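Dear colleague,

Please find below the structure I wished to hand over to you.

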Amino acid sequence: MINQPKRMFFLTVPLILAANLSVADAGKKPLTVTANNIKTNKGQIIFNLFKPGDDLLHQPSMQRKAPLTSTRDLTVTFDDLAYGHYVVFAFHDENNNSTLDHNFIGMPKEPMGYSNNWNFGLTTGMPNFEKTEFYFSEKKNSISIKLK
């Protein structure tokens, strides 16, 4: 016969594990991101997703690449995201080199865009998380980014 402390342990552990699994999955849904204003069908669209604390000018937390076959909108999905604040940066990699190309003064040569359709320009300064973030939730589970 199992003594009382061991019995409580064997009854409690499965309940704790089940509760942790359900909490870990709660609020995790797909985020749909659409790039629009695509002018040519050359190359690919690269979507970079950033979480709070990520450096927007470096490695994203997640990335999706989608080849172009037409000039209409292109949609990708980031699966199993927890609800919260994110930034998505998308660009049209016209020459398929997986890099956003820049001109001689450092301005982007390929069409690009950020979540919230924040515009990169001489007066807006460099992009940062606060300028470009959006809140992913049950009600806001898709965004569009206009490439410019």
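**Aromatic pairs, pocket and sheet**

Phe-136 has a relative accessible area of 0% and is therefore buried. Please note that the model is a predicted one. Tyr-86 is likewise classed as buried, at 6% relative accessibility.

The search of the whole structure gives 5 aromatic pairs. In one of them, the ring centres of Tyr-86 and Phe-136 are 6.2 Å apart and the planes stand at 65°, so this pair is edge-to-face. Tyr-86 belongs to strand S5 and Phe-136 to strand S7 (residues 134–136); the pair thus connects distant parts of the chain, 50 residues apart. Tyr-114 and Trp-118 also form an edge-to-face pair, with 5.4 Å from centre to centre and 80° between the planes. Tyr-114 is buried at a relative accessible area of 4%, and Trp-118 is buried at 14%. Ring pairs join Tyr-114 and Trp-118 with Phe-89 and Phe-91 in a cluster.

The largest pocket holds about 390 Å³ of space. It is lined by 20 residues, of which Leu-56, Leu-57, Phe-89, Leu-100 and His-102 are the closest to its centre. By class, the lining comprises 12 nonpolar, 7 polar and 1 charged residues.

Finally, there is an open sheet of 3 strands, in the order S4-S1-S8 and with mixed pairing. Strands S4 (74–82) and S8 (142–146) each have a single partner strand, so one side of each lacks a neighbour in the sheet. Strand S1 (residues 28–36) pairs with S4 in the antiparallel sense over 7 bridges, and Ala-35 stands opposite Leu-74 in S4.

With kind regards

Note on methods: Residues numbered from 1 in each chain as written. Predicted model: local features only at pLDDT ≥ 70, side-chain atom pairs only at ≥ 80, totals over all residues. Heavy atoms only, no water. Pairing = 2+ DSSP bridges. Helix = DSSP H or I, 4+ residues; strand = E, 2+ residues; numbered from the N terminus. 1 Å grid on protein atoms, 1.4 Å probe; cavity = no way out; pocket = protein on both sides within 12 Å on 5 of 7 lines; lining within 4 Å. Points joined across faces, edges and corners; volume = space filled by probe spheres on them. Nonpolar A, V, L, I, M, F, W, Y, C, P; charged D, E, K, R; others polar. Phe/Tyr/Trp six-rings, centres within 6.5 Å; stacked < 30°, edge-to-face > 60°. Buried < 20%, exposed > 50% of the residue type's maximum accessible area, 1.4 Å probe, protein only.
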